[in-house]
Amino acid sequence: MIEKTIAILGSTGSVGQQTVEVAADLGVKTEVLAASRDVKTMESQARLLKPRTCVMENEDAAKELKIKLADTGITVLGGHTALLEAAACPAADVVFNSVGGSAGLEPTLAALKAGKRIGLANKESIVMAGEIVNRTKKECGGEIIPVDSEHSAIFQCLNGRSGAEISRILLTASGGPFFGMSRREMEGITPERALAHPTWKMGSKITIDSATLMNKGFEVIEAVHLFDVLPDTVEVVVHRESIIHSMVEYTDNAVLAQLSVPDMRLCAQYAMTYPERVPGLMGRLDLTALGKLTFFKPDFENFPLLALAYDCIKAGGIIPAALVAADEAAVEAFIAGKIGFTAISDVVSEAISRIKNIPSPTIGDILAAAKEARGIASGIVGKQGVTVAF
Ligand code: MG
């Protein structure tokens, strides 16, 4: 029995659901569950974990949930402010933030301002506002335990070490479903095909980002901020089997790796029980059944968004936030059938080139830049104007 109380924001999303499974398995006390609008999933999660409060950011969804949970004594709240209050939940020892996309930034900051330990699955908060997030964490005594599988692995390999002892962070990448293909070959890829990820069970936005390697680019930026290293210290290694979740090379050239079957529940559980380890739902690794593990260099030429991510973190300021927002707009357009697969990187690169950087931005500058970049990207999509026929 783990003597911890948790809150889960974004509980109805893919990582959120897996976090709920872990919480149920460990019998961890759940104070708050929060999500945007998925009433059906929230109702079943509420009946399973019996939190004191459920928050639906969408007011109509909150009204609907209130009726559904009328027999339970669970308080149901609605609105954005209620979500931010859930992030700062006084009773929670760990606040899980698995809100999707740029909407996760404010909850991350709200939790850190309250001095919380965050189990962070929302990478956009770090990518968009890494410096502000780190400053807030330091000033308010908060803590971040990464739930992203690679960063959880690095966190485990570092085990509290930092700075001058680290010579490289080897960030592993599955390579996505289009590994080995040229941009030309990728041109006719449909959303359906891009949405079928070979290894990880994820939401649709991150699945497309995994196919373009934008996700890996975000993870490079995330690693720079989370572990306070220079961009060139983070090296991407394609590892198709997704068994090694990342590695740390120290200055003596010793390399520490974290291995397991690919299962996000391990990352959620580690953040829930840290620094303890307990048995859970995850399967055992059978190395002899696997036989071999393979490694390749990343293909920056055919996956230009990975290279762009390095440029963006080196530029700093508001540019990484603009990258997140431009990519959100481009991926939405791709899923809606408005642009082709390779146009995602074209739209994002073009949008970024039109943004004027602001060094040392405020949170207001960052949110404005995200809005601007999203607008520019949507404008470029609109100009392309044709619906792609597959
Ligand atoms: Mg990841």
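How many cavities of 30 Å³ or more does the structure hold? The count comes to three, where a cavity is a set of points, on a 1 Å grid over the protein atoms alone, at which a 1.4 Å probe fits but cannot get out. The structure is a predicted model, in which local features need pLDDT of at least 70 and side-chain atom pairs count only at pLDDT 80 or more, while totals for chains, interfaces and linings use all residues. Residues are numbered from 1 along each chain as its sequence is written, and side-chain values use heavy atoms, with hydrogens and water left out.

Eleven residues line the second largest cavity, and Ser149, His245, Gln258, Ser260 and Cys267 lie nearest its centre. Two or more lining residues come from each of H7 and helix H12 (264-273), with H7 giving the most, four residues. By class, this lining has four nonpolar, six polar and one charged residues.

Attention now turns to the metal site. The magnesium ion has as its protein donors Asp148 (OD), Glu150 (OE) and Glu219 (OE), at 2.1 to 2.3 Å. Donors are N, O and S atoms within 2.8 Å of the metal (3.2 Å for Na, K and Ca), and sites may look incomplete because water is not among the atoms. Along the chain the donors follow the spacing D-x1-E-x68-E. Asp148 lies in the loop between strand S7 (143-146) and helix H7 (149-158), and Glu219 in helix H11, so the pair ties together parts that are 71 residues apart in sequence. Asp148 counts as buried at 8% relative accessibility, and Glu219 counts as buried at 1%; buried means under 20% relative accessible area, exposed over 50%, and partly exposed in between (1.4 Å probe, protein chains only).

Salt bridges (a side-chain nitrogen of Lys or Arg within 4 Å of a carboxyl oxygen of Asp or Glu) number 20 in the model. One of them joins Glu219 to Lys123, with the closest N and O atoms 2.9 Å apart. Because Glu219 lies in helix H11 (residues 214-227) and Lys123 in helix H6 (residues 123-140), this pair ties together parts that are 96 residues apart in sequence. Lys123, Asp148, Glu150, Lys216 and Glu219 are linked in a network of salt bridges.

Glu235 and Arg168 form another salt bridge, at 2.9 Å. Glu235 belongs to strand S9 (residues 234-238) and Arg168 to strand S8 (residues 166-173), 67 residues apart. Glu235 is partly exposed at 33% relative accessibility, as is Arg168 at 26%.

Key: On a 1 Å grid over the protein atoms alone, a cavity is a set of points where a 1.4 Å probe fits but cannot get out, and a pocket is an open set with protein on both sides within 12 Å along at least five of seven lines; lining residues have an atom within 4 Å of a point. Grid points are joined across faces, edges and corners, and a volume is the space filled by probe spheres set on the points. Ala, Val, Leu, Ile, Met, Phe, Trp, Tyr, Cys and Pro count as nonpolar, Asp, Glu, Lys and Arg as charged, and the others, Gly among them, as polar.
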